[in-house]
Amino acid sequence: MEEPNPAANADHPDAHLPPGLRTPLRPDAFARPDADKIEAITGHFRAIMDELGLDLTDDSLAGTPRRVAKMFVQEWFNGLNPAHRPEVRLFENRYEYQQLLVERDITVFSCCEHHFVPIIGKAHVAYLPGKHVVGLSKLNRVVQYYARRPQVQERLTRQIAEHLRHSLGTPDVAVLIEADHLCVMSRGVNDTSSSTLTSEYGGKFLEDAQLRNEFLRQIGK
């Protein structure tokens, strides 16, 4: 497992991750407040719509540039901002639960960084508890945090796994994502029947085929 290097770009919002897993961001990515970004993107998107020949005086289109800007900053890409990084709070495993714990069918809504169209699917996350367990909703929040940014599915899968390994203090983590990419469905090959699966296994999930198969069985694979 690649260890984060604190000395390497320590100010990067993903500095807690290995360099190869960090979302590409400029050093000044968060120097401006969200309100300023919304205003700037509104102007840029208005220019795009104008170039497409759309009539921005039409009452259906007039507010679209600002709506898109707010959607980008406050919703689709709010996972870029480290202020939204979820705190994974651990609880003492008083009940000594030692078996596989699976959170399946976590909604994934992301955006392809190559074409800026949606990636829609679900994630399945599992870990083996030790001295601590985590509140289940935090697993969902970690998935959503990394999904809500321009992404490639391979990096998204590894970012989630690495964050959970670090937060839980155990390598025994598994992540599987299955998703539909609108860049494949709505352009290029226009294939609406294919989907993409990516996985990341660590610790005992990587070493123990029986445990890995149990995880896949529990998520219906």
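This is a predicted model: local features need pLDDT of at least 70, side-chain atom pairs count only at pLDDT 80 or more; totals for chains, interfaces and linings use all residues.

Local features need pLDDT of at least 70 and side-chain atom pairs count only at pLDDT 80 or more, while totals for chains, interfaces and linings use all residues.

Now Y127. Contact here means heavy atoms within 4.5 Å.

A nonpolar core is a set of buried Ala, Val, Leu, Ile, Met, Phe, Trp, Tyr and Cys residues joined through side-chain atoms within 4.5 Å. Buried means under 20% relative accessible area, exposed over 50%, and partly exposed in between, with a 1.4 Å probe and protein chains only. The largest nonpolar core has 29 residues, and Y127, I160 and L164 have the most contacts inside it. At least two residues of this core come from each of strand 2 (101-112), strand 3 (118-127), strand 4 (132-134), helix 3 (136-147), helix 4 (153-168) and strand 6 (173-181). Helix 3 gives the most, 6 residues. Helices (H or I, at least four residues) and strands (E, at least two) are DSSP runs, numbered from the N terminus. A second, separate core has 11 residues, including A126, A174, F205 and L216. In soluble globular proteins, nonpolar side chains tend to be buried together.

Next, the pockets. On a 1 Å grid over the protein atoms alone, a pocket is an open set of points where a 1.4 Å probe fits, with protein on both sides within 12 Å along at least five of seven lines; lining residues have an atom within 4 Å of a point. Grid points are joined across faces, edges and corners, and a volume is the space filled by probe spheres set on the points.

The largest pocket holds about 590 Å³ of space. Its lining has 22 residues, with L25, A29, K37, I41 and L80 nearest the centre. Helix 1 gives the most to that lining, 5 residues. By class, the lining has 13 nonpolar, 4 polar and 5 charged residues. Here Ala, Val, Leu, Ile, Met, Phe, Trp, Tyr, Cys and Pro count as nonpolar, Asp, Glu, Lys and Arg as charged, and the others, Gly among them, as polar.

The second largest pocket has a volume of about 190 Å³. Among its lining residues are N78, H84, F109 and R141. Helix 3 supplies the largest share of this lining, 4 residues.

Last, the threonines. T23 lies in the segment before helix 1 (34-51). Is T23 buried or exposed? T23 is buried, because its relative accessible area is 4%. The side chains of T23 and Q159 make a polar contact of 3.3 Å. A polar contact is a pair of N or O atoms within 3.5 Å; within protein, one must be able to donate a hydrogen and the other to accept it, and residues adjacent in sequence count only if both atoms are side-chain atoms.

T42 lies in helix 1 and is also buried, at 5% relative accessible area. A polar atom of the T42 side chain lies 2.6 Å from the backbone oxygen of I38. Beyond its neighbours within four places in sequence, T42 contacts P65, R66 and A69.

Methods
Residues are numbered from 1 along each chain as its sequence is written. Side-chain values use heavy atoms; hydrogens and water are left out.
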